[in-house]
Amino acid sequence: MSAYYFNVGSKFQINENEYLVRRDLGLDYEVENMNYKKIEIRRKEDLLKLWSEGQLLFRINPDDEKFIRVQNLDDLDSDKKEKALERFKVLKPVIEGEILPSEIKNYLQEVGIKKSTFYDWKKRWDRTGDLRSLISFKRGPKAARLNGSLLKIVKEVIEEFLYSDGKTTIEDMYSEITLKIEEENINLVEEDKLSYVSRSTIRRCKERIIDIYKLDKEKYGAVLAKLKREGTKEEVVVQRPLQRVEIDWTPVDVMLIDPIDLKPKRPTLIYAIDKYSGYPMGFFVTFKPIDSKALKQCLIHLIMPKAYLKELYPLVENDWEAHGIPHTIVVDNASVNDSYEFEDACFQVGVKEVQFCKIDAGYQKGTVERAFRRLNSLYIHNLKGTTFSNFIEKGRYDSAKNACITMQGFIYMSHIAMVDIVSHTFDSRRGDSPHNIWARGIEENKRLKMQLPRSIESLKILLAGGSELRKVQQQGVVIENEYYTSPDLMDLRYTMEKLKKLDETVRVRFDLSDMRVVYVYDPINNNYLVARATSLARKNINTAFPVPYVALELDSKAKVKIKKSFDPTARAKAKRKIMLIQDEDAKKTKKWRKEKEQIIDSTFITAGVLNTETNIPLPINNDKILILKEEKKSNVGQTKRNQSSKDRSTINHSYMEFEDTEIDDLPNWGVTLKNMKEGNDL
């Protein structure tokens, strides 16, 4: 990413209004509102705050914008990313002046790059100064096509040529590899013959195989090769601020209370120091192991202006003016950096060089090592729960028992210590305070003033430590049980639904220090969409201040803990009871149906189990009624008359109480009643 400045003639945009910087007035800028042709005076502090809030955006030349088509190299496949880095490595000696213009022709022959191709890359770099402009969007091979035998031939030839006497080129390797493939194919049938390898494939294999130290050892000897690889132990002298920034991390000598489980733990502090002035540039504190994500969070803090200081931390008396894009960053050569993820991030934001020191080589980054010692003596060793530097100082002091400081409190106190104590305290080694040395250096190098990336959003997209793959749901995307949504995100979901891609995941990036918004990658339009949290207020989280990731993590883990407190067998027990009642009713119903075919209990009838069409009182003293089959009538006419007589008796007959009614007076329904007690027909 290129650096942008508030130089005379530069343009920026605020709320759809475009401005042109006309004059630098010290604390103010004289700018021209291009929309209304009006001259205005803008405070520098206000401009920094607007940029931090995402309301100020530097204008980019439309002709240059076509070269940058992605916002983050990690969004590309590995082949495109690797090609962009290879092109940068080819350009780097020319950009830094190691290769003179008169030597470019021979240099291109050595690396096997066409002149037209090289100058196309250089044109993109000169226009943008951005690594992303070197990305190729042409269709290329999706994966390497080297199989076992072919790969073995390529590696053997490259290693033989690399570590032999004299100078070799890609063309020499290409010729030898082609000859070996032809010799190998002589004894193979047609379908088993090896395919030929291109020059670009050989070049990529060479970059992966080459050992610079081994080459230098053969060329210069062991002593000079080791000196070239490890560098000198003398102090590096710098001439201005931001020329060299050193970053290191170490466990803090104090126990803090982890808000997740309320146990005392020892955090890790990542600290960035300007080599020239000793001014603290930024920091990041975490309970988790250090990885490239944590380092990128520290990189965000050191680059961005600290315009939030007075609003969030009013007890800090002085200003924290350190910000900007360093020329060189020095870090430990640990495994987290060996993956080159942090190096790629630095190149994308405009850092020209990243130096990796050996593990335990403190002399190569002595400034930040001394800064840690000074921070411990002036600040950390005076806190409750400190572990001190060694067990002799600690004695019988119980650090865990006396721990009482939270992560949020430690961050607040660290701002006070770094700004009011470290930055504004006399440094006997330098002869002045880091703040004053920084201010003089910036004044002498005016082009470093107000040096910023294009926008705060682009900076966070590149360096944000949080990155997850999520599906776009109807409620948005979810991170730690919190949903994020926006109208643009819902439009993306609608488009993905039309394209039948709703099951695909998208990349979500977020700042671990502020979870109020996240950035969702739009794979259709190759840009990022801003999505905001929807339920932070319901969780009693104050959104007036940045919401750290640990706050959402705490809420999510608390819900999981409550969920685990419920008995998981309760549901199974309830369902067993339901099934038991169901089985009992099934048995009872089956028994009723079986008895209905033979004997009908009077209680079933009165209970409504057997529904009768007539409203006739039944004898109470009769326990059971047997329904006998109707006798066949030989005379059809007599049957019709009996049926007619039955209907008339049903309609017109007036019934008396059972006690006053004789058996013979009862109506005939076409059935025969039998008294079960007497055993006689009625």
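Trainee: Contact means heavy atoms within 4.5 Å; on that basis, which helices do the buried residues of helix 7 pack against?

Mentor: They pack against helix 4 (104–111), helix 6 (148–162) and helix 8 (199–209). Helices (H or I, at least four residues) and strands (E, at least two) are DSSP runs, numbered from the N terminus. Buried stands for under 20% relative accessible area, exposed for over 50%, and partly exposed for what lies in between, with a 1.4 Å probe and protein chains only.

Trainee: What should I know about the model before going on?

Mentor: This is a predicted model, in which local features need pLDDT of at least 70 and side-chain atom pairs count only at pLDDT 80 or more, while totals for chains, interfaces and linings use all residues. Residues are numbered from 1 along each chain as its sequence is written, and side-chain values use heavy atoms, with hydrogens and water left out.

Trainee: Back to helix 7, then. Which of its residues are buried?

Mentor: Ile-170, Met-173, Ile-177, Thr-178, Ile-181 and Asn-185 are buried in helix 7. They lie on the same side of helix 7, because they cover an arc of only 130° around the axis, the arc being taken from the directions from the helix axis to the C-beta atoms. An α-helix has 3.6 residues a turn, so residues three or four places apart point the same way.

Trainee: And what span should helix 7 have?

Mentor: The expected span is 1.5 Å times one less than the number of residues. For the 16 residues of helix 7 (residues 170–185) this gives 22 Å, and the end C-alpha atoms are 22 Å apart, which agrees.

Trainee: What about the protein overall: how many helices and strands are there?

Mentor: There are 25 helices and 23 strands. Buried residues account for 40% of the 682 residues. Of the contacts between residues at least 6 apart in sequence, 64% join residues at least 24 apart.

Trainee: Different topic. Where does Thr-386 lie, and is Thr-386 buried or exposed?

Mentor: Thr-386 lies in the loop between helix 15 (366–378) and helix 16 (391–394). Its relative accessibility is 2%, so Thr-386 counts as buried. The Thr-386 side chain reaches the backbone oxygen of Asp-253 at 2.8 Å.

Trainee: Which side chain does Glu-40 join by a polar contact?

Mentor: The side chains of Glu-40 and Asn-33 are joined by a polar contact of 3.4 Å. Such a contact is a pair of N or O atoms within 3.5 Å; within protein, one must be able to donate a hydrogen and the other to accept it, and residues adjacent in sequence count only if both atoms are side-chain atoms. Glu-40 belongs to strand 4 (residues 38–43) and counts as buried because its relative accessibility is 18%. Beyond its neighbours within four places in sequence, Glu-40 is in contact with Tyr-19, Tyr-29, Glu-30, Val-31 and Asn-33.

Trainee: Last one, on backbone angles. What is the phi of Leu-242?

Mentor: Leu-242 has a positive phi of about 65° although it is not a glycine. Leu-242 is in the loop between helix 10 (222–230) and strand 6 (245–251) and is buried, with a relative accessible area of 0%. Asn-481, also a residue other than glycine, has a positive phi near 65°. Asn-481 is in the loop between strand 15 (477–479) and strand 16 (482–485), and at 37% relative accessibility Asn-481 counts as partly exposed.

Technical notes: Contact = heavy atoms within 4.5 Å.
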